[in-house]
Amino acid sequence: EHGTSADGGKTQVLPPTTWAVGKTLVFLKREGVESLSHALSRRRRAAALLIQACVRRWRQRRRYVELIRSVRRLQAAGRGMLGRLKASNVRKAKAATRIQRLQRGRKARAARKRLSHAIGLIQAWIRARRLRVQLLRTFQAVRVLQRWLRKALQEIRKRRRAMSAVTIQRVWHGHQGRRLVRSRIAAWFRRQHAASCLLHRWRAKVTHRLLEEGLEDFLAQADAAAATAKLEGRLQAASKGELHAT
């Protein structure tokens with residue numbers, strides 16, 4: 001009987017009559033031993049072929065890798081040579097361009113310097129002419145201003161003289177008025193003080209007379225409330241100046 005193994009090869013199954021299992025050993029007949037020997041030989045040949053294929057594949061791969069490395073080295077060397085050649089050409093072109101740029105810059109700076117000098121001369125002449133014209137106009141304006149200022153100063157002096165006289169008169173009149181007002185106020189205060197003194201003296205005299213004349217008789221005849229009311233009324237009248245002494 002034959003079967004198929006997991007790797008695709010055929011496996012040989014021993015008949016049950018060609019082998020037996022003991023307690024510790026497996027007993028085989030001649031047919032079983034020969035079948036196992038043929039199977040082992042086939043497995044060895046297959047393993048040898050596989051080993052040879054792996055070795056050949058490894059050799060070819062190593063050779064291919066070395067070939068690729070060589071090709072890459074050649075390509076790198078070729079690219080490096082071309083790059084160096086191109087870089088040399090670029091450096092030469094840059095050097096030529098730089099030389100041309102420097103030469104053009106030197107010529108442009110020289111031309112610009114000449115142009116700037118010419119423009120500076122023209123501008124200086126124009127500024128000088130403008131300054132001369134402006135100076136002449138300024139002198140004329142200054143003369144006009146001086147004439148106007150002299151006239152204005154004369155008018156101001158005249159006005160100041162007139163205003164000074166008016167101010168002096170106003171100050172003098174104010175001084176006299178203040179003196180007159182102060183004197184009148186002092187006289188009024190003196191009159192008020194004299195009138196106040198006279199009024200106090202008169203009130204004292206009238207009160208004394210009221211207390212002396214007939215007061216004792218009135219107090220003896222009238223009751224206390226009426227006497228007190230009459231006495232307060234006469235005192236208020238005397239203080240207001242309405243009661244005249246008799």
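Leu28 lies in strand β4, where helices (H or I, at least four residues) and strands (E, at least two) are DSSP runs numbered from the N terminus. The model is a predicted one, in which local features need pLDDT of at least 70 and side-chain atom pairs count only at pLDDT 80 or more, while totals for chains, interfaces and linings use all residues. Residues are numbered from 1 along each chain as its sequence is written, and side-chain values use heavy atoms, with hydrogens and water left out.

With a relative accessible area of 38%, Leu28 is partly exposed, a class that falls between buried, under 20%, and exposed, over 50% (1.4 Å probe, protein chains only). Leu28 belongs to a nonpolar surface patch together with Trp19, Val21, Val26, Val33 and Leu36, and the accessible area of these residues together is about 530 Å². Two or more residues of the nonpolar patch come from each of β3 (19-21), β4 (26-28) and α1 (30-212). Patches are built from residues with over 30% relative accessible area and no salt bridge, nonpolar side chains (Val, Leu, Ile, Met, Phe, Trp, Tyr) being joined within 5 Å and like charges within 9 Å; a salt bridge here is a side-chain nitrogen of Lys or Arg within 4 Å of a carboxyl oxygen of Asp or Glu.

Taken as a whole, the protein has three helices and four strands, and its elements run β-β-β-β-α-α-α from the N terminus on. Of the 246 residues, 5% are buried. The protein exposes about 22600 Å², of which carbon and sulfur atoms supply 60%, areas being computed by the Shrake-Rupley method with a 1.4 Å probe and, for residues, with only the protein chains shown as cover.

The structure holds one aromatic pair: the rings of Trp188 and Phe189 have their centres 5.1 Å apart and their planes at 70 degrees, so the pair is edge-to-face. Rings of Phe, Tyr and Trp (its six-membered ring) pair if their centres lie within 6.5 Å, with planes under 30 degrees apart counted as stacked, over 60 as edge-to-face and the rest as tilted. Trp188 is partly exposed at 43%, whereas Phe189 is exposed at 52%.
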